[in-house]
Amino acid sequence: MIARYREFLPVTTATPIVSLGEGGTPLIFSPRLSKVVGRDCEVYLKYEGLNPTCSFKDRGMTVAVSKALERGAAALICASTGNTSASAAAYAARAGIRCVVVLPAGKIASGKLVQAFAYGAKVIAIDGNFDDALAIVRKLGERDNFAIVNSINPDRIAGQMSAAFEIVDDLGDAPAFHLLPLGNAGNLTAYWAGYREYQRVGRATTLPAMIGFQAAGAAPIFLGHAVENPETVASAIRIGNPASWKAAKQAVTDSKGAVDVVTDREILEAQRWLATHEGIFVEPASAAPIAGLMKCCDPARAPAYSFAQIPEGSRIVCTVTGHGLKDPEIIAPNAANLKTVAVNEEAVLRAIDF
Ligand code: F0G
C-alpha cells in the first residue's frame, strides 16, 4: 500500500517499509442495497476484511510500524478491542520487534485473540474496558521505549487515508455519501483526511457527507457525553470515550454528515442480511453502517440523516471494516440445531427441507 501512495504518506527513503501486502481491497457493487435505497442510487461496499489480518487496521499499521522501526523503537504497544492488536502483532512479527497488547478481559472476539497469540504478541488482559486499557497504554508510551500504535499515532491515520484514495481511484471521483462504524473514531477521521487530500491535489472534485454509526449502548459521540460502561454485541466498537472524538466530530460537521445509532438487534439483522443477500460476511461492528443505511432509508425511524430526498443516482460507499470470521461465536447458535443424519441419499434428501 505504501508503495502505491508513497507521495501522500510520511515515509522517506530512510524508512524501512514493513508490509504484508495490505490495501487494494475490492469495492463491491451491492445491487440489493442499491435497491433498498432506490432513486437509481448505487451502493458500494469497501470490503476491508480482505486485508492481511482481516481488518482495515493493516493500512495504518504498515505506516505506524515502519515509522516506529525508523525511530528505533524496541517494542510496540497498543490497547485494543481486538483488531488493532491482531494487526499490531502481525506487523511486529514481520518487523522482528516485540509487541504488547492490552485488552479488556473477556471482551475480545475469539478470532482476534487467536491472532494476537498466533503472531506471538505478549497479551495482557485487564479487568477493565477499552478506555481503561488505552489510558494505561498512553502512560506506558510516555515512560518507556514503546511505540504506541493505536490511532492516536498520526502515522496510523495517515495510512488509513489510503482507503479513501482507493475508492476515488475506483469510482473516478468521491462518492456522495460515506457510511462507516464509529468506535475510537480514527477511521472516519482518516477517510475524511484522505478525501480532502485527494480533492486538494485535484483527483476528486467533490467530497462525501460522512455518516458514522455507533452502537446504541456505546454511543458517546451521538449522545454528546462519555459513556462509562459501554455495552454492545459489536465488541470492536465497545468504546465509551473515543480518542479521536473531536476530529471525527469536526469531519462530520465539515462534511455536512451525521452521527447516528443502531441497536444490537439491528446490527445482527444487518450482518445476517448482508451475508445471506450479498455473500459478504462481516463482523458485527462492520454491519453497523449497513444497519445504518437501512435506517437512513426509513423515515419512520427518524434517522439522523434521511435518504428520502437524496439526489437520484447518488453513489454511496459503506466500509465494512472486519471479516465475519473474526467473531465466530455470533453465528455459532445457527449451527446449534445441526442434526446428524444417516449415511444414505434418502436420509440426506429428507433432511433438505427447502
Ligand atoms: N470496525 C472494526 C471491525 C473495528 O475493529 C473498529 C475499531 C472499528 C470499526 C471502529 O474504528 O475506532 O477507527 O472508529 N477497532 C479498534 C481496535 C478500536 O482496537 O481494534 P475506529
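## Around the ligand

An oxygen atom of the ligand sits 2.8 Å from a polar backbone atom of T81, which counts as a polar contact (a pair of N or O atoms within 3.5 Å; within protein, one must be able to donate a hydrogen and the other to accept it, and residues adjacent in sequence count only if both atoms are side-chain atoms). This is a predicted model, where local features need pLDDT of at least 70, side-chain atom pairs count only at pLDDT 80 or more, and totals for chains, interfaces and linings use all residues. Residues are numbered from 1 along each chain as its sequence is written, and side-chain values use heavy atoms, with hydrogens and water left out.

For G186, a backbone N or O atom is 3.2 Å from an oxygen atom of the ligand.

## Helices α8 and α9

Now for some helix packing. Two packed helices are described by the angle between their axes and the distance between the axes. Helix α8 covers residues 162-171 and helix α9 residues 186-200; they pack at about 50°, with axes 7 Å apart. Axes here are lines fitted to C-alpha atoms, for helices over the stretch in contact, and angles run from 0 to 180 degrees between N-to-C directions. Helices are DSSP runs (H or I, at least four residues), numbered from the N terminus.

So α8 and α9 are oblique to each other (under 35 degrees is roughly parallel, over 145 roughly antiparallel, 65 to 115 roughly perpendicular, and the rest oblique). Their contact (heavy atoms within 4.5 Å) includes F165 and I167 of α8 and Y191 and Y195 of α9. By class, it has 8 nonpolar, 1 polar and 2 charged residues. Nonpolar means Ala, Val, Leu, Ile, Met, Phe, Trp, Tyr, Cys and Pro; charged means Asp, Glu, Lys and Arg; the others, Gly among them, are polar.

## Helices α12 and α13

The axes of α12 (residues 264-278) and α13 (residues 284-296) come within 7 Å and cross at roughly 95°. That makes α12 roughly perpendicular to α13. Among the residues in contact are L268 and W273 of α12, plus P284 and M294 of α13. The tally for this contact is 11 nonpolar, 1 polar and 1 charged.

Methods:
Helices (H or I, at least four residues) and strands (E, at least two) are DSSP runs, numbered from the N terminus.
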